[in-house]
Amino acid sequence: MSNSVSRIMLLNGYCLLFFHFLTMRSRQRYVLGDRAMQKMAQSHVFLSGMGGLGVEIAKNIVLAGIKTLTIHDTKQCKAWDLGTNFFVHEDDILNLRNRAEATHHRIAELNPYVQVMSSTAPLNEVTDISFLRQYQCVIVTEMKLSLQKKINDFCHAQHPPIKFISADVYGMWARLFCDFGDEFEVLDTTGEEPKEIFISNISQSNPGIVTCLDNNPHKLETGQFVTFREVNGMSCLNGSTHQITVISPYSFSIGDTTDTDPYLHGGIAIQVKTPKIFHFEQLGKQLINPKCLVADFSKPEAPLQIHIAMLALNEFQENVGRMPNIGCLQDAAEMVKIALSLSKTLEGKPQVNEDMVKWLSKMAQGSLACLTAALGGVASQEVLKAVTGKFSPLQQWLYIDALEFVPCLEKANGEEFLPRGDRYDALRACIGDSLCQKLQNLNVFLVGCGAIGCEMLKNFALLGVGTGQERGMVTITDPDLIEKSNLNRQFLFRPHHIQKPKSYTAAAATLNINPQMKIDSYLNKVCPATENIYNDDFYTKQDVVVTALDNVEARRYIDSRCVANLRPLLDSGTMGTKGHTEVILPHLTESYNSHRDPPEEEIPFCTLKSFPAATEHTIQWARDKFESSFSHKPSLFNKFWRTYSSAEEVLQRIKSGESLEGSFQVIKCLSRRPRSWPQCVELARLKFEKYFNHKALQLLHSFPIDTRLKDGSLFWQSPKRPPFPIQFDFNDPLHYSFMLSTAKLFATIYCVPFTEKDMSEETILKIISELKIQEFRPSNKVVQTDETVRKPDPIPVSSEDERNAVTQLETAIFANEATKDDLQMKELSFEKDDDSNGHIDFITAASNLRARMYNIEPADRLKTKRIAGKIIPAIATSTAAVSGLVALELIKVVGGYPFQAYKNCFFNLAIPIIVFTETAEVRKTEIRNGISFTIWDRWTVFGKEDFTLLDFINAVKEKYGIEPTMVVQGVKMLYVPVMPGHVKRLKLTMQKLVKPAANKKYVDLTVSFAPETDGDEDLPGPPVRYYFAHEDN
C-alpha cells in the first residue's frame, strides 16, 4: 500500500472518529466551537496528584475531549480517599493500590476517544523534568511550593511555553493559579456571538456618531471593533472596520466621517472579534505580589489573607516535614508566627487574619468534597483555555472559601473534628462529626438526573447524604432516557446505558461511589399531574429539595410546592460557561417565583411571514413550516377521521347541511394526497416555487422597490429587506437539499415507500423535468406590516369552498381514494438529535433559501440545529462548579445556619467572573394595624360539614384580627361583594361552593381586605388553607 493511500485512509479514519467525537459532544460544540474542539482533541496534558481535586479535573477534561492525559501520583489509596475521590473504591484500599493506578481505568472509560496513561514515578526536586516537554499543559495538585516553582520555571521557559496550572483545597479554602507564558493569544475572549446592530443614522461629523434603531441597544463596549454592510449613502463604510467609543446604550462613535457621502438609510454594524494578548508572570513573582480575582465583594480582603495563610501552611510543611495536626492549637500558633513573618516579605505588607490562619491550620488535612468539585470545575475550564486559546484566562490567582461555616464551628468540641478511621474523616476535619451525622440522616429530593443531577449525586455520595442507619434517604426522579449526546457531561452514564432510564442508572452508579447510600428512584415528571405521588405528605418528609432542571416552568412549579410545604429549595442552572445557584429558605429568603426574568421577545408575526431581518427569523420560519406541514396538519387530519368513521358519512352530513369543523382543510388534504414517490417530489418542487419565488414576487407586487411611506421615507429600508425571487436550479446543492428533504418528509407523513434509487439525482431530475410549473399570478391579498398584530385566526370557509369540498370528496370516494388507509397520516414530532430523520435537513435548507431570498447571512447546520431545537449549550466544567457550590449551601441548610451565612452565586467561566452575593431577604407585606405576612405565611381555618362562607369569613376575622372582603379559589371568584348574587353565597356551605374531590382534605384560598381609604385597591392577604374538617377527625 502506498504512503499516500495510507495517509488518506488515516485522514478519513481521523475525520470519522472526529465526527463521532463531535456527535457525543454536540452541546459542548456550542460552547467551544469546532476550531477549539479540534485543538483540544490534539492536546496532551499532564496531571499530578490524584486526590479529590485531581480526579475532579481529570473527569472534566476527559469528558471535554483532550487527546491524551497522563495522571501521576505516588501515594497509596487510604480510607480517607473514599470521602474525597469518587473513583477510589474500598477494594483499592484493601489491595494497597496507588491512587493513579486505581483511578486510571475509571477515568479512561469516561471517554473512549481520550488516551489516559498513569505514572507512579517519583517527582521531586531531583527529578529530571524534561519529560514535561511533550505536554501542552501541566497541572499540579498536592505539591510543595518549592517543586511547583521548579516545574513552573521550566514550563515558562519553553518555546512555546507549557501552560502551568496549580490547584489545591485545604479544609474550607481553595486556591487556583495559572501561568500561560509571557504572551498568550486568545482569539475569542468571551465566546459570545458577534453582535449585529441595525442602524438608523450615521452623522457626517468628527467623530461620526452611529445611532441604532429605536429600542435596540448595541451592547458594545468602548475599544471594540465593528464593520459595516448594507449602508446606503455613506457606502464607503461598507466592509471597513472601525474601533468604537460608546456614547450611550443606543449610539457610538467611529471616527471622522466628514468627508463621506451623506447617510441615506439602512446598514448593519457587525462586531469584529479581535485577538487579545494576555501576559503572565511566573509563580515566584506572583507569590510576592499576587494578582487575584475577587469573587466575594463583601470580603475583598479575603484573597490576600488566604494567600498569606496558605504560604504559611507551605512553610510549616517545609519546616516540620508534615501538615499541621487536626485541631492542634500548638501548630496553629506556630503557623500564625510564620504568617506574620511572611507578611513583611510581600509587597504592600498585607494584614494577617490570625483567626483564619488558626482555622486553616486546624483543618488543613481535611477537604470539603463540594469545594473540591467547585474548584475542579473552574480549574478544568482553565485547562481547556490553555490548550485551545478560547476564552479569557484567569489572571492569575483565584481563592474561594467557605468561611461562613466558621462561626457555628467555634463552639464545637475539638474531638468533633478528629478522625474515626472511616470514609468521612476528611469531611469531619472540616465540619465536625455532629454535622456529618446530620448529613447522613438527611432526606433529600433531587429533581432531575441530567448533568447537574449526576454531579449532585456524586457530591451527596462523598458527603454521606442519606446513609443514616435509622433515617436518611435520597429520592430522585427523571422521566428521560439516556441519549448519546448526554455522555460528555452526565458522567455517571456510559455508552452501554444509552436508552436506559436516567434515574435508575444514576442511582446504581452512585452506589458504586458510596454503597451505604439509600436511594429511591422514580421516572416521573414533577408537575400537577403527579401530585398524587409528590403530595404534601411527600414534601413534608423531605428536609430539603434540590433541583437539577433545564426549564423555568418546572422550577416555578417545584418552587411553589416548596413554599406551600415550607421546604428549603436549592436551585442551580448552567448555560455554556455560565452558571448560577440560588438558596431558598422558609421564612428567610424570597422564593424563585419572587423574581421573574423579562419574557423572551417574540418575533412579530409580520416579520416571520414577510419581513425577516436576521438568521433567527429565517430559522424560526422554517421551524414553523415543519410544524404546520408535518406535525399540525397530520394531527388535525387524524383527529378529524377519528371523529367520523368514513368519508361517506362525512359527505352525507355535509350534504344535509351540517357544518363539520375542519372538514374543508381535511378534504383538501385528502384530495391532494400524494400516492407515489414521484408525486412527493412534485409536491416538494411546487413548495419551492411557492416559498422562494412566488412569495417574493407577491411582496414586490404589493410593495414595489420604490414604495414610500406617508412621511416620504422608503418602505424597503433597514430592517425591512426586499426579497429577490429565486429561480430553481437543480444543480444548486441548496435547492436540491430542500427538494430531497421535503420529498422525504412528505413521503413519511403520507406513508409512501421510497428506495435509495428513488432518492438518486437521476430519478429526481427526471421527475421534475416533466413537471409543469404555473406562472405567478399576483393577488390582492393584504400583507400585514404592523409588528404589534398577532397571527390572525383562520379565515372562515366560504360557501364556494364548501361546494368545492363536496366535489373533491365525491371524486375521492369514486376513485376509491378515501379508504381506511387513506384516512390516516403519520404525525412527525420534531427531533433534533436524530440526523437520519431529515428534520434538521429540511429546516437548514428551507431557512437558508429564505435567507438567500432576503440577502441575509445563512446559518450552518450546527447553528440551525441550536436555534431550531432551542438547545442550551453545556459543558462539564460549569455543571461540576454549580453542583459543588450547591452542596456547600446544603451543608449550611443542614447545620441550621443563620441567614447571613448563605450565598447565591453567578459565574461566567469564559471571562472569567465569579460573584457571590447574599441571598434576597424575604419581603414583608403590611396589611394594616401591625398585621403583615410574607410569601411563606399561610393562615389556616378548620371547618366542618355545615361551615358556611360567612362562617369562614368570621373565622378568619376572629383568628387573625382582620375581616376578608374578597375570597378567591384559583381563578374562581367565590365571594366578591360587588358582583351580582355574591352576597347570597354567604349562606352557602364551603363544601357546596368549593366542590372538593372526594379525597381532598383542604383547599387553598386567596383573601383580600378592604383598603384603609375608599377608592384604593383592596389589600392582598396570604393564602388561607381551609380544612373541610379538623385534621384529627
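# Charged side chains in a predicted model

Visitor: Which residues gather in a patch of positive charge on the surface?

Guide: Lys609, Lys633, Lys668, Arg672, Lys690, Lys781 and Lys791 gather there. This is a predicted model, where local features need pLDDT of at least 70, side-chain atom pairs count only at pLDDT 80 or more, and totals for chains, interfaces and linings use all residues. Residues are numbered from 1 along each chain as its sequence is written, and side-chain values use heavy atoms, with hydrogens and water left out.

Visitor: What are patches made of?

Guide: Residues with over 30% relative accessible area and no salt bridge, with like charges joined within 9 Å and nonpolar side chains (Val, Leu, Ile, Met, Phe, Trp, Tyr) within 5 Å. Lys and Arg count as positive, Asp and Glu as negative; His and the chain ends are not counted. The place of a charge is NZ of Lys, CZ of Arg, CG of Asp or CD of Glu. Accessible areas come from the Shrake-Rupley method with a 1.4 Å probe, and for residues only the protein chains shown count as cover.

Visitor: Where is Lys791?

Guide: In the loop between helix 26 (761-769) and helix 27 (799-814). Helices (H or I, at least four residues) and strands (E, at least two) are DSSP runs, numbered from the N terminus.

Visitor: Why does Lys791 count as exposed?

Guide: Because its relative accessibility is 65%. Exposed means over 50% relative accessible area, buried under 20%, partly exposed in between (1.4 Å probe, protein chains only).

Visitor: Salt bridges next. How many in the whole structure?

Guide: A search finds 55. A salt bridge is a side-chain nitrogen of Lys or Arg within 4 Å of a carboxyl oxygen of Asp or Glu.

Visitor: What does Lys273 form a salt bridge with?

Guide: Asp188, with the closest N and O atoms 2.9 Å apart. The two are 85 residues apart: Lys273 lies between strand 14 (268-272) and strand 15 (276-278), Asp188 between strand 7 (184-186) and strand 8 (196-202), both in loops.

Visitor: Is Asp188 buried or exposed?

Guide: Buried, at 15%. Lys273 is partly exposed, at 28%.

Visitor: And which side chain meets Glu810?

Guide: Lys655, at 2.6 Å, N to O. Glu810 is in helix 27 and Lys655 in helix 22 (residues 647-655), 155 residues apart. Glu810 is partly exposed at 31%, and Lys655 is exposed at 53%.

Visitor: Where do Glu889 and Lys892 lie?

Guide: Both in helix 30 (residues 876-894), three residues apart, about one turn of the helix.
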